[in-house]
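Dear colleague,

Please find below the structure I am handing over to you, with its sequence. My notes on what was found in it follow directly after.

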Amino acid sequence: MADFSSQAHDKKIYFDNAATSWPKPPQMIEAMAEFSCQAGANPGRAGHRMAIDSARIVYETREAIAGLFHCADPLRVIFTSNVTEAINLGLFGLLKAGDHVITTSMEHNAVMRPLRYLQAQGVDLSIAPCSREGYLDPSDVRREIRKNTRMIVMTHASNVSGTLMPAAEIGRIAHENDLLLMVDAAQTAGVIPIDMQKDHIDLLAFTGHKSLYGPMGTGGLVIGERVDLANFKPLKMGGTGSNSENEVQPAFLPDKFESGTLNVIGLAGLLASLRWIDQNGIDQIRAHEASLTRAFLEGARSIENLRLYGPSDAAEKTSVIPFTLNGKDIGLIGEWLDERYGIFCRVGLHCAPAAARTMGVFPDGTIRFSLGYFNQLSEINYALEALRALSER
Ligand SMILES: Cc1ncc(COP(=O)(O)O)c(C=O)c1O
């Protein structure tokens with residue numbers, strides 16, 4: 001197999017699930033169409049049956065999210081348009097000048113950029129170093145704790161190396177030191193079990209369109225019971241459909257943090273995807289993705305000049321696989337994979353320059369394959385052959 005250019009246009013091998021999952025479960029698409037055709041009204045803005053149907057969808061989505069992450073109260077699920085907004089809500093809502101926050105050197109810019117902004121406003125920032133494979137040693141976080149430390153914020157798994165982070169150990173450290181822990185679960189929600197209570201996670205930020213297999217434009221922040229709501233500022237204020245006689249933002253959940261019409265069509269889709277995950281089982285989804293990752297890692301090791309980054313054991317990572325080939329321009333490899341082989345992946349820094357620096361791949365970055373539940377072993381084998389052919393060019 002040298003070059004498949006003639007067939008490539010018929011092929012669609014999607015290895016970009018860390019950016020957004022594709023395809024989506026058919027149930028998601030049906031639920032969104034059904035919402036548009038049947039419910040369609042604005043929840044909480046009227047008392048008629050269509051608005052009530054809409055509100056029921058929103059509440060059931062809150063319940064499903066609360067259940068997935070082990071949060072006892074569905075009203076503590078705040079919907080946002082993505083995980084970036086959820087992280088911004090947690091950081092801007094809770095930190096003020098003079099506070100100290102700890103993060104890791106593997107963060108996405110969804111964490112780093114708001115933190116750098118806050119740093120310029122007088123928030124102290126410490127960045128715990130990770131190894132080249134992306135591993136975090138919890139004692140490096142513990143060492144950074146000071147008198148004014150308020151929060152630890154960290155990814156649950158790197159979107160560049162796939163490395164799973166020790167959230168439970170960090171949660172224990174946060175709890176012992178009376179700090180808040182906010183976790184960016186963009187890469188793990190729906191594929192790695194998350195228990196906010198057991199792991200002492202106070203703020204769980206998620207996005208709907210990646211491993212939750214929902215639509216873009218959905219996400220949220222789940223707020224744990226240790227968070228002081230009175231001192232938690234909303235990112236935005238406005239109409240909530242509640243307390244309309246009052247010009248002051250409601251103080252109760254979720255309305256305090258959810259102004260403006262929600263993306264209900266998106267939530268209808270997310271609800272269907274959450275039910276689909278439940279039917280398949282997170283363990284089954286994880287097992288399938290891990291077996292594909294293992295197969296790819298094993299095959300890739302025998303390709304000359306292919307250099308893998310991140311953990312070598314599939315059990316210690318998600319299905320995000322970074323690599324470089326022959327020292328060739330990664331943009332060119334990405335183009336060839338698309339045009340000649342019909343393989344869609346992402347190349348570059350993946351919005352996480354800190355992670356690239358930690359892994360020693362800054363400024364070029366890596367080629368990133370990120371697998372999903374819909375991928376098959378035959379696609380892995382095909383991609384390995386394509387890479388082997390490219391490595392020989
Ligand atoms: C670890 C991590 N955090 C945050 C984000 C941002 O996700 P979204 O664009 O859905 O807000 C991503 C997306 O790539 C990510 O991988």
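Two strands are said to pair if DSSP finds at least two bridges between them. By that criterion, strand β7 (residues 203-207) pairs with β8 in the antiparallel sense, over five bridges. Please bear in mind throughout that this is a predicted model.

Strand β8 itself comprises residues 219-223, and five of its five residues are buried. The cover extends to both faces of β8: G219, L221 and I223 are buried on one side, and G220 and V222 on the other.

**The four-stranded sheet**

A further element is an open sheet of four strands, paired antiparallel in the order β9-β10-β13-β12. Its edge strands are β9 (306-308) and β12 (346-348), each of which pairs on one side only. Neighbouring strands of this sheet are turned against each other by 30° on average, direction ignored. Strand β9 is joined by three bridges to β10 (residues 320-325), and the two run antiparallel.

**Helix α10**

Helix α10 covers residues 330-341. With 12 residues at 1.5 Å a residue, α10 should span 16 Å; its end C-alpha atoms lie 15 Å apart, which agrees. The buried residues in α10 include I330, I333, W336, L337 and Y341. These five cover an arc of only 110° around the axis, so they lie on the same side of α10. The face of α10 turned away from this buried side carries L332 and E335, which are exposed. After α10 comes G342, whose phi is positive, near 70°.

**The ligand surroundings**

Which residues come nearest to the ligand? Of the 15 residues around the ligand, these are N82, T84, N159, A186 and T207. By class, the shell around the ligand consists of six nonpolar, eight polar and one charged residues. T207, one of the nearest residues, belongs to strand β7 (residues 203-207), the antiparallel partner of β8 described above.

With kind regards

Notes. Residues numbered from 1 in each chain as written. Predicted model: local features only at pLDDT ≥ 70, side-chain atom pairs only at ≥ 80, totals over all residues. Near = placed C-beta within 6 Å. Nonpolar A, V, L, I, M, F, W, Y, C, P; charged D, E, K, R; others polar. Axes fitted to C-alpha atoms, helices over the stretch in contact; angles between N-to-C directions. Buried ≥ 20, exposed ≤ 12 C-beta atoms within 10 Å, placed from the backbone. Expected span 1.5 Å × (residues − 1). Arc of directions from axis to C-beta.
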